[in-house]
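Subject: Structure handover

Hello,

Here is the structure we talked about. Please open it next to this note and read the two together.

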Amino acid sequence: MNPVVHLELHTGDLPRARATYAQLCGWHTERVQTQSGRYMALGLGERFGGGIVECGTRRAMWLPYVRVGEIETAALRARELGASVLLEPREGPAGWRAVVSTPAGGEIAFWQPKVWAS
C-alpha cells in the first residue's frame, strides 16, 4: 500500500485560503521560501504534511501526494492505466515528484523521498 503523505491546496488566493482554514480547522501555516512563488507549509498533524501553494488556477483544488518506491515506475504505470502525466518526474531538494490525472479519478501526485545517509 502506498500511503498519502502530504496534502496540498492549489489556490489563486493564498491569503484568503490561509485565513479560511485557520478559522475553520485551526490549522497553522508557516511561510516557505520557494523559487516558483508563494507557499505556506500547513500543520495538519503529527504524521501528515501539507501546504498551500498560490498558482494561476481558476478553481481551488486539493492535491494528495502518495509515497512511492520509484517515481519513474509510478508515472509509467499511471500512463499504462490511461492517466495523463501533467508533471513529469522532477527532482527537488527532498525528493522527486510527478503529477498525473486520470479520466475518472482526478489528479494525484507521486512522491519519492530522498534517502539521507545517517
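Contact here means heavy atoms within 4.5 Å. This is a predicted model, so local features need pLDDT of at least 70, side-chain atom pairs count only at pLDDT 80 or more, and totals for chains, interfaces and linings use all residues. Residues are numbered from 1 along each chain as its sequence is written, and side-chain values use heavy atoms, with hydrogens and water left out.

**Overall**

The chain has two helices and eight strands. Helices (H or I, at least four residues) and strands (E, at least two) are DSSP runs, numbered from the N terminus. The order from the N terminus is β-α-β-β-β-β-α-β-β-β.

For 118 residues, a compact globule would have a radius of gyration near 13 Å; the chain has 15 Å, which agrees. That radius is taken over C-alpha atoms, and the globule rule is 2.2 Å times the number of residues to the power 0.38. Along the principal axes, the C-alpha atoms fill a box of roughly 40 × 40 × 30 Å.

Of the 118 residues, 30% are buried. Buried means under 20% relative accessible area, exposed over 50%, and partly exposed in between (1.4 Å probe, protein chains only). Take the contacts between residues at least 6 apart in sequence: 50% of them join residues at least 24 apart.

The chain exposes about 8000 Å², and carbon and sulfur atoms supply 52% of that. Areas come from the Shrake-Rupley method with a 1.4 Å probe; for residues, only the protein chains shown count as cover.

On charge, there are 13 positive and 11 negative side chains, and the centres of the two sets lie 5 Å apart. Lys and Arg count as positive, Asp and Glu as negative; His and the chain ends are not counted. Each charge is placed at NZ of Lys, CZ of Arg, CG of Asp or CD of Glu.

**Helix 2**

Which residues of helix 2 are buried? Helix 2 spans residues 71-80, and its buried residues are Ile 71, Ala 74, Ala 75 and Ala 78. They cover an arc of only 95° around the axis, which puts them on the same side of helix 2. The arc is that of the directions from the helix axis to the C-beta atoms. These buried residues pack against strand 6 (84-91), strand 7 (95-102) and strand 8 (106-113).

Glu 72 also belongs to helix 2. Glu 72 is partly exposed, at 48% relative accessible area. Its C-alpha atom is 30 Å from that of Gly 12, 60 residues apart along the chain.

Gly 82 and Ala 83 both sit in the loop between helix 2 and strand 6. Gly 82 is partly exposed at 41%, while Ala 83 is buried at 11%. Ala 83 touches Ala 78, Val 100, Ser 101 and Thr 102, leaving aside residues up to four places away in sequence. From Gly 82 to Val 100 is 10.0 Å, C-alpha to C-alpha.

Ala 104 lies in the loop between strand 7 and strand 8. Ala 104 is exposed, at 82% relative accessibility. From Ala 104 to Ala 17, the C-alpha distance is 27 Å.

**Strand 1**

Thr 11 is part of strand 1 (residues 4-11). Is Thr 11 buried or exposed? Thr 11 counts as buried, at 7% relative accessibility. With residues up to four places away in sequence left out, Thr 11 touches Ala 17, Ile 52, Val 53, Glu 54, Cys 55, Thr 57 and Ala 60.

Best wishes
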